[in-house]
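Visitor: I'd like a close look at one part of this protein, the loops, and then at whatever ties in with them. Could you walk me through it?

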Amino acid sequence: PPINPLRIALAAAQGTLTPEGPLLTRRLSDLEGLFADEPARKRAADGDDPVVYTVAASPVPEVARELPQSVTTILPGAVGGEFHMTKGHQHPDPQGEIYLGLAGRGGLLLHDGTRTEWIEMEPGVIGYIPPGWAHRSVNIGDEPYRFLAVYPGSAGHDYGWVVKHGMGRRVFRDGASYTLAPFSAA
Ligand code: S6P
Ligand code: ZN
């Protein structure tokens, strides 16, 4: 059965949801094989193993007909010049998803197996992810990049798709800005 109506407080400056669901933390040791410079990632993971991003979920469950939300915070940084990013995934049951920028500067990289799109994100910007487009988020700034995600509870998460097909581009630091490079295997 559906859950009851909920009032959820979103603290955009802290990245918290109250009441809260599970909190996920991804460190460099969780991101094997995703950055182009795998030796650099491994050195850092074997060292102080920095947090790359956290995902704070709302209490709304990931089940059919519900509409869960989460707040992702990607900390600033780069591995071999490649900006901190999420693992990236495809929704096995293709359904749309929306992101809303809350803090910092980032980008939404989308890939459907053939085409690649890049949406610059900042507070107040909605990034729309159509069904069938794998998506990865990137912090292109020097402060935390944060966004709200709202997605259908039955969409599911396929991380293997991105490992197999890549994301079309990689995002590297370029002076005070960034550059989109062709995708290369790790
Ligand atoms: C869920 C939505 C986000 C991501 C989060 C972490 O559909 O797209 O909440 O899960 O940004 O990224 P990833 O690729 O590690 O799940
Ligand atoms: Zn998603």
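Visitor: Let's start with Arg-65: is this residue buried or exposed, and what is its relative accessible area?

Guide: Keep in mind that this is a predicted model. Arg-65 is exposed, because its relative accessible area comes to 85%, and the cut-off for that label is over 50%. You'll find Arg-65 in the loop that runs between S4 and S5. The backbone is worth a glance here too: Arg-65 isn't a glycine, yet its phi is positive, at about 80°.

Asp-49 sits in the loop between H1 and S4. With a relative accessibility of 14%, though, Asp-49 counts as buried, since anything under 20% gets that label.

Move along to Pro-50 and you're still in the loop between helix H1 (38-46) and S4. Pro-50 has a relative accessible area of 27%, so this proline is partly exposed.

One more loop has a proline to check. Pro-19 lies between strand S2 (16-18) and strand S3 (23-27). The peptide bond joining Thr-18 to Pro-19 is cis, with omega at about 0°.

Strand S4 (51-57) and strand S5 (69-74) each give at least two residues to the shell around ligand 1, and so do strand S8 (97-103) and strand S13 (145-150). That shell has 17 residues, with Tyr-53, Ser-70, Thr-72, Tyr-99 and Tyr-159 as the closest. Sorted by class, the shell holds 7 nonpolar, 8 polar and 2 charged residues. As for where the ligand goes, ligand 1 sits in the largest pocket.

The side chain of His-157 has an N or O atom 2.9 Å from an oxygen atom of the ligand, and for His-89 the corresponding distance is 3.0 Å. As for cover, ligand 1 on its own would expose 400 Å², and the protein buries 96% of that area.

Notes:
Residues numbered from 1 in each chain as written. Chains lettered and ligands numbered in written order. Predicted model: local features only at pLDDT ≥ 70, side-chain atom pairs only at ≥ 80, totals over all residues. Heavy atoms only, no water. Near = heavy atom within 4 Å. Polar contact = N/O pair within 3.5 Å; in protein donor to acceptor, adjacent residues only side chain to side chain. Areas by Shrake-Rupley, 256 points an atom, 1.4 Å probe, with all protein chains shown as cover. 1 Å grid on protein atoms, 1.4 Å probe; cavity = no way out; pocket = protein on both sides within 12 Å on 5 of 7 lines; lining within 4 Å. Sits in = over half its atoms within 2 Å of the grid points. Helix = DSSP H or I, 4+ residues; strand = E, 2+ residues; numbered from the N terminus. Nonpolar A, V, L, I, M, F, W, Y, C, P; charged D, E, K, R; others polar. Buried < 20%, exposed > 50% of the residue type's maximum accessible area, 1.4 Å probe, protein only.
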